[in-house]
Amino acid sequence: LFTTSAAADTLTVCASGCQYTSINAAIDAASDGDVILLSAETYYEGARINTDGKAITLRGATDKSGDPASILDGADSHQLIECQNDEDASTRFENLVIQNGYGEPNGAGGGDGGDGGGMYMRNCTPTLVNCHFLYNRANNEAGALNVNGSDAHPILTDCVFIGNEAEDGGAIYLEQSNITMTDCRFENNAAIDAGNADGGAFYLNNRCLAVLTRCTFSGNTADRDAGAIYLDGVPSENDPESLTMIDCEISNNTAGGDGGGIFARSRAILVMENCAVDGNAATAGDGGGIMNFKDSTATLVGCTLSNNTAGGS
């Protein structure tokens with residue numbers, strides 16, 4: 001007995017000479033299993049890219065060093081990628097620069113300023129590999145990537161977040177969802193709002209579970225608490241929020257208030273193994289490296305805390 005299945009297609013997108021000039025048009029034509037190949041150029045789609053729940057791969061080109069060379073540019077006018085139609089791990093984003101996105105009002109994610117200037121996910125579990133989020137912003141949450149919903153669990157590998165800004169979670173804002181990140185880098189992201197912004201790089205809000213391996217956080221800033229990572233915790237111990245960090249580095253981050261590197265509160269659970277916390281500063285508050293507050297728990301094994309400073313305790 002012989003069975004056959006439809007072969008996956010490869011669809012090409014570029015300014016000229018390819019099957020499509022629009023990424024969204026290629027997605028509309030694609031079927032599960034297809035690969036959409038982007039050339040090494042800059043794409044101004046002019047609207048959010050929506051994967052429509054399809055198990056497809058959006059794959060960019062790379063340069064000689066292996067860095068992504070296909071650029072999705074939002075021109076600081078719109079959110080770049082929307083993913084909220086039950087996509088699973090077989091929906092893949094590879095070798096992409098996601099830059100100058102803006103979480104526009106009434107865009108995906110809602111809020112007065114929108115959430116997730118670079119990418120918004122809700123109740124989906126896509127895979128991101130070698131994606132660079134650069135200089136995205138949102139007036140509300142998540143300059144680069146917003147992850148929302150109890151069925152959300154994206155997997156990020158070799159991703160980079162640089163120069164992203166939002167009120168909370170300069171790069172990533174995680175809400176009631178999970179995330180796994182390996183070999184990711186966060187640099188010079190910022191939570192900005194006249195002294196009321198938290199989580200310069202990463203904000204976890206309400207029953208989140210995150211596992212980070214070999215990730216680095218450096219040069220991130222928050223106007224208020226958590227220069228790098230903010231764990232907002234939960235009102236009840238029955239639904240814990242936890243962050244596990246393995247072989248990670250948190251260095252030279254700055255908070256205007258508490259927790260120069262990490263701030264954890266309200267029963268949040270922080271577990272760190274073989275991590276370095278170095279050179280962070282809580283300029284007008286407590287906990288130059290790590291601040292634990294309101295029944296939060298920290299377990300550190302084989303970690304080094306050095307050269308951290310606090311304006312308070």
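I took a salt bridge to be a side-chain nitrogen of Lys or Arg within 4 Å of a carboxyl oxygen of Asp or Glu, and by this rule I count eight salt bridges. The model is predicted, so I kept to its limits: local features need pLDDT of at least 70, side-chain atom pairs count only at pLDDT 80 or more, and totals for chains, interfaces and linings use all residues. Residues are numbered from 1 along each chain as its sequence is written, and side-chain values use heavy atoms, with hydrogens and water left out.

**Entry: salt bridges**

I looked up Arg214 and Asp183, whose side chains meet in a salt bridge at 2.8 Å, N to O. Strands here, like helices, are DSSP runs numbered from the N terminus (strands E, at least two residues; helices H or I, at least four). Arg214 sits in the loop between strand 22 (209–213) and strand 23, and Asp183 in the loop between strand 18 (178–182) and strand 19, so this pair ties together parts that are 31 residues apart in sequence. For accessibility I used relative accessible area with a 1.4 Å probe and protein chains only, where buried is under 20%, exposed is over 50% and partly exposed is in between. Arg214 is partly exposed at 42%, and Asp183 is also partly exposed at 30%.

I then noted Glu187 and Arg185, which form a salt bridge with the closest N and O atoms 3.0 Å apart. Glu187 counts as partly exposed at 22% relative accessibility, and Arg185 counts as partly exposed at 32%.

Asp232 and Arg265 form another salt bridge, with the closest N and O atoms 3.0 Å apart. Asp232 lies in the loop between strand 25 and strand 26 (242–246) and Arg265 lies in strand 29, so the pair ties together parts that are 33 residues apart in sequence. Both Asp232 and Arg265 are buried. I also recorded that Arg59, Arg92 and Glu94 are joined into one network by salt bridges that share partners.

**Entry: strand 8**

Which strands are joined to strand 8 by bridges? I took two strands as paired if DSSP finds at least two bridges between them. Strand 5 (residues 57–59) runs parallel to strand 8 and is joined to it by three bridges, and here Arg59 has Glu94 of strand 8 as its bridge partner. Strand 6 (residues 70–73) is also parallel to strand 8, with four bridges, and Leu72 stands opposite Ile98 in strand 8. Seven bridges join strand 8 to strand 11 (residues 127–134), again in parallel, and Leu96 stands opposite Cys131 in strand 11. Seven of the eight residues of strand 8 (residues 92–99) are buried, so this strand is largely enclosed by the rest of the structure.

**Entry: aromatic pairs**

I paired rings of Phe, Tyr and Trp (its six-membered ring) if their centres lie within 6.5 Å, with planes under 30 degrees apart called stacked, over 60 edge-to-face and the rest tilted. The structure holds seven such aromatic pairs. Phe186 and Phe217 are stacked, at 4.5 Å centre to centre with 5 degrees between the planes. Phe186 belongs to strand 19 (residues 185–187) and Phe217 to strand 23 (residues 216–218), so the pair ties together parts that are 31 residues apart in sequence. Both Phe186 and Phe217 are buried.

Tyr230 and Phe263 are also stacked, at 5.1 Å centre to centre with 10 degrees between the planes. Tyr230 is in strand 25 (residues 229–231) and Phe263 in strand 29 (residues 262–265), so this pair ties together parts that are 33 residues apart in sequence. Both Tyr230 and Phe263 are buried, and together with Tyr173, Tyr203 and Phe293 they form one aromatic cluster.

**Entry: nonpolar cores**

I defined a nonpolar core as a set of buried Ala, Val, Leu, Ile, Met, Phe, Trp, Tyr and Cys residues joined through side-chain atoms within 4.5 Å. The largest core has 63 residues, and those with the most contacts inside it are Phe202, Phe217 and Met245. A second, separate core of seven residues includes Ala142, Tyr173, Ala226 and Met291.

**Entry: Asn148**

Is Asn148 buried or exposed? Asn148, which is found in strand 13 (residues 145–148), is buried with a relative accessible area of 14%. Taking contact as heavy atoms within 4.5 Å, and not counting residues up to four places away in sequence, I found that Asn148 touches Tyr120, Met121, Arg122, Asn123, Glu175 and Ser177.
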